[in-house]
Structures are given as structure tokens and as C-alpha cells.
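Open the model in your viewer and keep the selection panel at hand. The tour goes from stop to stop, with something to select at each one.

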Amino acid sequence: MLLRSEIPAAHDAWNRRWGAPYGRAPRVVVPRRLRHLPVLAGAVGPFAFQENNRTRRFEYPWVFDQIAPTKGLRVLEIGGGNSGLQFVLDRLGCEVVNVDPGTKARGVGWPITPEFLGTLNRRFGTNVTLRPCFIEEANLPDAHFDRALSVSVLEHIPEPDIANILAHVRRALKPGGTLILTVDLFLDLKPFSDVETNKWGKNLSLKWLVEESKMELVHGDRSELYGFPEFDPSRITARRAELLVGGFQAAVQTLVLRKS
Ligand SMILES: C[S@@+](CC[C@H](N)C(=O)[O-])C[C@H]1O[C@@H](n2cnc3c(N)ncnc32)[C@H](O)[C@@H]1O
């Protein structure tokens, strides 16, 4: 499925509740450059500590719905960075592990440290676990997690790393557990133009990804997922106005895979 830029009222309400995707403006006047200080965490909320682009307005509430958090649910996030979703899930009773190598992920990593994540945990009264390493180094137990998620990560990283992530996620999920993904679709790149990459990444074949995962595609319209034969670029281009926000040339593909 491709997310529509016109989001449902319930998702708007979710964004307001949690101050997603940019953090809340504090009630007292604080210069914008100071709003990322952890001391303001209570006022600005969990989404104020990472730069986000506008597509997160529809990605976070959609992912949240797919997770359907309940107390004790074990959630694995791949490439969570300092994003707010991990803290929201913890606040609602989930046990959250975020695997993110940060700047060790050569060229594609974002700064993330146990110290900063620990500070945010203290400010939010949460207990998110950060594994600041590649997934193969994270010692994830077998068949442990109910859900895995990754928001706008895989299109930025090389295929061998993706294959590795998929293998470890499948191993670490319980049977019946699901992997929830959002993956950017860049409308300025192949198959919409002759250009292979831009400064953010490339269009990843989701047919390849699903096959590589050895999991079942349980949510995702193949005609809206790049790489499947049903995907017709001209039909997507005709829907630009419905799919894009502002000048950003990326739509958002969504899919859910289930381990049997
Ligand atoms: C575009 S950011 C998305 C951050 C976050 N998911 C969000 O919702 O905004 C991509 C993240 O993937 C992380 N990353 C890069 N390579 C990775 C890898 N091999 N495994 C896990 N995370 C990785 C980066 O450090 C960064 O935090």
C-alpha cells in the first residue's frame, strides 16, 4: 500500500496526542534551537529529539496501528535512531529494543548514543534498550519478539545489510510475529527516471525484499510496491498529488510480513 498524504482524522489526533512528528511547541517561549534539550522533554514530547521529514506524519500513526501495542508486547525496532515512536510504545507497556549502529553504519548512520538515549529514558520514565551495533552483533534471542518494525531505514542501506537484517529479524520473531515496514518510494529515481540514487538512497525492489525475508506478505498491495510486476510507474506518477507532501519527492510504501 502507498500512504496517502491526506491522513485519516484518527491519525491527526494521534499526532496531536504525542506531538508527532516534530515535537510540541512548549507553552513558554523557547527559541527553536533550544527545543531539543532533554530538560524540555516533558514539554516538547518524545518526537522533538530527531529531525524528521513530513512523511513521518503519516508513517508513525500507521505503524503504531499495525503494532497495536499492549502491555508486555515485545517490540524490536531496526534503525530507530532517536525517534519518538520507541518511547511511545514503551510508555504503553511494550518492551522495546532498538538496534541501530548509528554513525558506525558507514555513510548512512545517524548519531545515536547510549548516553543520550539513557537521558531521554530518564526524562520520559521509559526503559527502551538500545543496541548500538549491527543486528548480527546484537545477541537477539531466538523467537522472542512479537513485532519488529523499521521506519524509513531499508531504502538507505546496502542490500547485503538488508538481507542480514531480514534473516536476523525472522530468527528473532516468534512464529506468527510480524515485521512492519515503511519504505520510501523516490519519484525522481528509477523506474520514474534514469537516475539510480539520490542523496537519501534508492528505490528498493520490495519483491526482492519479500522473497529474501522468507516471510509471508500479509499487508501490501503489490500494484503499489516497487519491484512487483503489478507495479506500473505511470499509474503512480498520475497520483503524485495524492501521495506527496510539499516538495519532497518521496511517497511511502507500507508492508507487513508474517513469520509462519
Ligand atoms: C532515516 S533514519 C530513520 C530513523 C527512524 N527510524 C525514524 O523513524 O525516523 C535511518 C536510521 O537507520 C539507521 N541505520 C543505518 N544503517 C543501519 C543498519 N545496518 N541497521 C540498523 N539501523 C541502521 C541510521 O543510523 C538511522 O538512525
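Is S152 buried or exposed? S152 counts as buried, because its relative accessibility is 7%; buried means under 20% relative accessible area, exposed over 50%, and partly exposed in between, with a 1.4 Å probe and protein chains only.

Before the next stop, note that this is a predicted model, in which local features need pLDDT of at least 70 and side-chain atom pairs count only at pLDDT 80 or more, while totals for chains, interfaces and linings use all residues. Residues are numbered from 1 along each chain as its sequence is written, and side-chain values use heavy atoms, with hydrogens and water left out.

**Stop 1: the backbone at S152**

Stay on S152. Its phi is positive, about 50 degrees, although S152 is not a glycine. Most residues other than glycine have a negative phi, and most peptide bonds are trans. S152 sits in the loop between β4 and α6 (159–172). Helices (H or I, at least four residues) and strands (E, at least two) are DSSP runs, numbered from the N terminus.

Now select K214. This residue also has a positive phi, about 55 degrees, and is not a glycine. Look for K214 in the loop between α7 and β6. K214 counts as exposed, because its relative accessibility is 59%.

**Stop 2: the sheet**

Show the strands as a cartoon. The open sheet has 7 strands in the order β3-β2-β1-β4-β5-β7-β6, with mixed pairing. Two strands pair if DSSP finds at least two bridges between them. At the edges are β3 (129–131) and β6 (216–219), each pairing on one side only. From one strand to the next the twist averages 25 degrees. For such angles, axes are lines fitted to C-alpha atoms (for helices, over the stretch in contact), and values run from 0 to 180 degrees between N-to-C directions.

Select β1, residues 74–78. Of its 5 residues, 4 are buried. On one side, β1 pairs with β2 (residues 95–99) in the parallel sense over 5 bridges. Find V75 and look across to V96 in β2, which stands opposite. β1 also runs parallel to β4 (residues 145–151), joined by 3 bridges. There, E77 stands opposite L149.

Move to β4. Here 7 of its 7 residues are buried. β4 also pairs with β5, parallel, over 6 bridges. R147 faces T178 in β5 as its opposite residue.

Then pick G177 in β5 (residues 173–186). G177 is buried, because its relative accessible area is 3%.

**Stop 3: helix α3**

Select residues 56–67, which form α3. What span should its 12 residues have? At 1.5 Å a residue, the answer is 16 Å, and the end C-alpha atoms are 16 Å apart, which agrees. The expected span is 1.5 Å times one less than the number of residues. α3 is mostly covered, with 9 of its 12 residues buried. Among the buried ones are R56, F58, Y60, W62 and I67. Step just past α3 to A68, where phi is positive at about 50 degrees.

**Stop 4: the ligand**

Show the residues around the ligand. There are 24 of them, and the closest are Q50, Y60, G79, D100 and W110; a residue counts as near if one of its heavy atoms lies within 4 Å.

- R56: a polar side-chain atom lies 3.1 Å from a ligand oxygen atom.
- G79: a polar backbone atom is 2.7 Å from a ligand nitrogen atom.
- D100: a polar side-chain atom lies 2.7 Å from a ligand oxygen atom.

**Stop 5: two cis peptide bonds**

Select A20 and P21. The peptide bond between them is cis, with omega near 0 degrees. P21 is in the loop between α1 (9–18) and α2 (41–44).

Next, select K190 and P191. They too are joined by a cis peptide bond, with omega about 15 degrees. P191 lies in the loop between β5 and α7 (206–213).

**Last stop: cysteines**

Select C94 and C133. C94 counts as buried, because its relative accessibility is 4%. C133 counts as buried at 10%. How many disulfides does the whole structure hold? The search finds 0, where a disulfide is a pair of cysteine sulfur atoms within 2.5 Å.

How values were computed:
A polar contact is a pair of N or O atoms within 3.5 Å; within protein, one must be able to donate a hydrogen and the other to accept it, and residues adjacent in sequence count only if both atoms are side-chain atoms.
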